[in-house]
Amino acid sequence: MHFVFTPPGESAAGLLDLPWTEPLEEWDDERLVEIRQRGLSRHTVRFVAEGGAVYAMKELDARLARREYRLLRRLRELGLPAVEVIGVVVDRAGLDAILVTRFLDHSSSYRSLFANARYSHPTDRLLDALVELLVRLHLAGFMWGDCSLSNVLFRMDAGAFAAYLVDAETAELHPSLSEGQRGYDVSLARERIAGELFDLSAAGTLPSGVDPIDVADDTVRRYRALWDELTREEILHPDDQRYRIAERLRRINSLGFDVDEVELVDAGSSGARLRVRTRVAEPGHHRRILMARTGLDAQENQARRLLNDIAGYRGHLERVRGGPVPEVVASNTWLAEVYEPVIDAVPPGLRDRLDDVELFHEVLEHRWFLSEKSGRDVGTSAAARDYFASVLPTVPEDLTQTGRRPDPPS
Amino acid sequence: MAAITMKNIVKQYGDGFPAVNDVSLDVQDGEFMILVGPSGCGKSTLLRMIVGLEDITAGEMVIGDRVVNKVAPRERNLSMVFQNYALYPHLTVYENIAFPLRLAKTSNEEVQRRVNQTAELLELTEHLERKPANLSGGQRQRVAMGRAIVRQADAFLFDEPLSNLDAKLRGQMRTEISRLQRRLGVTTVYVTHDQTEAMTLGDRVAVLRRGVLQQVGSPRELYEEPVNLFVAGFIGSPSMNFLPASVDGSFLETPLGRFELRDERKIEAVGDRSVVLVGIRPEHFEDVSLVGEEKKARGSIVRAQVDVTEWLGNELYAYVPYEAPEDLAAQLRDLSRELDSDQLRTQAVVALDAASLISPGREAELWIDTTKVHIFDPATGDNLTRDEERVEQLGRMAEDSRAAQREAQRGPADDETGASVAES
């Protein structure tokens with residue numbers, strides 16, 4: 001037997017004494033956990049909780065396992081949203097290899113999102129997230145070969161979703177993709193999404209009025225629209241060149257992408273041909289700022305939301321103190337006086353329903369909602385109290401998954 | 001259905017590396033063609049150019065009577081089988097097969113007709129109302145195949161389809177794919193690095209090396225009449241043994257001993273070369289004590305020191321190390337590496353009758369069937385003794401047996417189902 005682990009391996013050290021010599025199907029270890037509502041898989045997949053994290057174990061042919069291990073590492077290096085691969089266990093006598101990935105904390109599968117009434121029609125937001133992920137992969141030269149709802153986990157992102165790739169078994173990395181490769185990938189996605197929704201429909205968890213074929217076709221339309229926006233060439237008239245370029249860049253930024261290079265090629269009397277090369281950068285300008293200022297790890301929309309709250313709080317501080325307050329001071333004070341008190345006050349039994357940042361985002365939403373209703377600003381602490389009492393308990397327990405055992409009820 | 005014709009196909013990447021170099025290959029209508037070779041030989045790239053995933057740098061790809069160089073993958077009407085198939089747990093087998101048709105908004109009537117035909121072909125009729133969880137592994141794979149068949153594609157393409165299955169299922173599926181392909185008569189291109197798959201499945205096998213097509217022929221032709229060292233070494237397991245030999249008139253002096261080439265055609269082929277490589281398949285050796293007098297006269301006898309033996313029940317493998325001049329030994333090591341073989345030493349592997357009492361560490365008398373040996377030019381690797389007449393004969397045999405097999409598979413009872421699924 002042979003373990004290959006990505007350093008730092010400490011987190012994985014606790015996994016070493018799992019019963020690797022037995023078929024995964026037959027494992028009987030107290031650390032095994034069930035993940036409800038997970039996506040479909042061709043292989044045996046089981047989950048292990050160890051040291052506060054959950055790991056996904058997938059049994060598959062050694063050659064494929066090593067390949068997937070390399071690809072997942074590469075995806076992370078490129079800053080593309082994918083699960084973190086921990087290692088691969090090969091040379092198990094007479095058995096296939098096992099690929100070990102870290103289960104994405106506080107993530108949800110499409111099955112749990114559709115099954116939970118809280119998101120009555122998650123379709124739109126799911127597709128947006130999925131299409132954005134696929135476009136990012138394609139820009140980076142990744143052909144997925146198996147884009148589907150099952151092969152993605154979703155994290156909540158201030159009411160929207162962020163999609164993470166969890167299965168790279170069939171993926172291939174190229175310097176860039178041909179039209180044929182992209183087209184093939186998209187038509188596979190169309191087929192898989194339709195199949196998955198037909199399946200939900202047969203299981204009775206697809207909201208009525210959602211037509212699998214329409215949704216699948218819509219995915220293709222969204223993909224084409226986004227790809228086109230990010231990569232299309234256009235002819236610009238000399239008079240409005242500056243304005244049009246700025247507008248195009250703003251649009252690309254607002255879609256969450258960065259522009260790497262802008263190229264203008266003279267196209268004779270009609271003007272210039274604008275070529276835009278969109279960069280595959282880690283999504284998350286705001287994410288990085290929030291991380292630097294507060295140490296909080298958040299999704300992009302969440303980060304934008306929190307930064308707005310920090311900005312508002314800074315204005316408040318400046319009024320109270322009667323003078324300018326540096327950004328770093330404002331951020332730290334906000335963390336200690338606004339954010340942390342809310343998170344610390346979450347009743348123990350409800351702690352794992354949502355990730356902390358999403359929960360804080362919901363408290364802000366709730367504050368806005370209560371303030372609207374009462375015609376005055378109710379303040380964050382009052383909003384939090386009301387939210388813990390009336391909203392959080394309604395978030396289904398199995399909406400997102402973490403590696404922690406459920407808290408005892410308080 | 002359609003023939004697939006590749007004319008001088010080249011795939012060159014940005015860095016100038018030719019992944020596929022001037023390949024011309026004709027896959028006949030209904031033929032089962034295997035693309036085989038070690039990793040990096042260009043077999044998958046070639047398949048991807050057929051599918052439309054890779055742009056073609058030069059040459060022409062024709063499917064049916066249409067040049068498809070610029071045609072999008074989904075418009076080529078091909079079916080990649082097993083690639084990322086998924087069975088849906090809440091859908092019945094029927095719906096799992098039907099769903100590509102639903103997606104294409106095919107009428108209910110037509111769906112029913114096609115799914116029923118497909119199920120019959122795959123012997124899934126009585127399982128149509130069941131859920132995938134209640135099926136065996138093999139049945140599930142058949143449902144996945146059903147999804148490919150029901151589309152009525154012009155050709156099936158397989159890219160190492162069995163590599164992610166366990167050994168037992170792999171064997172089952174190999175038989176299943178072969179049976180089904182012959183029954184449907186759909187043009188099929190199948191990529192594999194596994195020479196056992198290549199030999200057992202294909203009507204013809206195309207062997208590639210570093211982007212260049214080496215040889216196309218029936219499995220038997222490749223085995224018996226390889227064009228060069230590479231094909232001779234790649235096809236067959238254990239591999240053909242290559243012994244360096246110096247030529248002395250009609251005699252060959254090999255590390256295992258001296259023997260006579262009693263074949264005018266072969267002697268002539270060697271010409272005035274002083275050094276050659278002699279290729280002998282393991283099974284063309286035998287323990288002398290087990291060879292009858294009449295047969296003995298057809299070959300030659302050598303004495304050799306046996307290093308290790310492996311008794312397998314049905315036969316016995318003996319390993320016979322030998323010395324080779326350094327330059328030839330290095331060349332053989334390179335070849336062995338290229339063939340993905342782990343054999344690092346110069347040793348002959350001989351497969352003897354299981355009744356042999358040869359033991360390791362002793363000298364043994366081995367009979368060689370010299371009528372079966374091939375002689376290769378050490379500089380070019382070309383097979384000097386390939387028998388063109390025999391090649392032609394093998395080609396005709398393969399053609400006849402293909403026709404006969406198809407006739408049998410598509411017996412009159414099948415006309416209703418098999419033929420119409422394939423032909424519409």
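Q: What percentage of the contacts in chain A with a separation of 6 or more is between residues 24 or more positions apart?
A: This is a predicted model in which local features need pLDDT of at least 70 and side-chain atom pairs count only at pLDDT 80 or more, while totals for chains, interfaces and linings use all residues. Residues are numbered from 1 along each chain as its sequence is written; chains are lettered from A and ligands numbered from 1 in the order in which they are written. Two residues are in contact if their C-beta atoms, placed from the backbone, lie within 7 Å. Of the contacts in chain A with a separation of 6 or more, residues 24 or more positions apart account for 64%.

Q: Which helix of chain A supplies the largest share of the side that touches chain B?
A: In chain A, 28 residues are in contact with 22 residues of chain B. Helices (DSSP runs of H or I, at least four residues, numbered from the N terminus) that each supply at least two residues to this side of chain A are α2 (62-77), α5 (179-203) and α6 (212-231). The largest share, 14 residues, comes from α5(A).

Q: Why do the buried residues of α8(A) line one face of the helix?
A: A residue is buried if 20 or more other C-beta atoms lie within 10 Å of its own and exposed if 12 or fewer, with C-beta atoms placed from the backbone. In α8 (residues 285-294) of chain A, the buried residues are A:His286, A:Arg287 and A:Leu290. They line one face because, by the directions from the helix axis to their C-beta atoms, they fall within an arc of 100 degrees.

Q: Against which helix do the buried residues of α8(A) pack?
A: A:Arg288 and A:Ala292 are exposed on the other side of α8(A). The buried residues of α8(A) pack against a helix of chain A spanning 300-321, namely α9.
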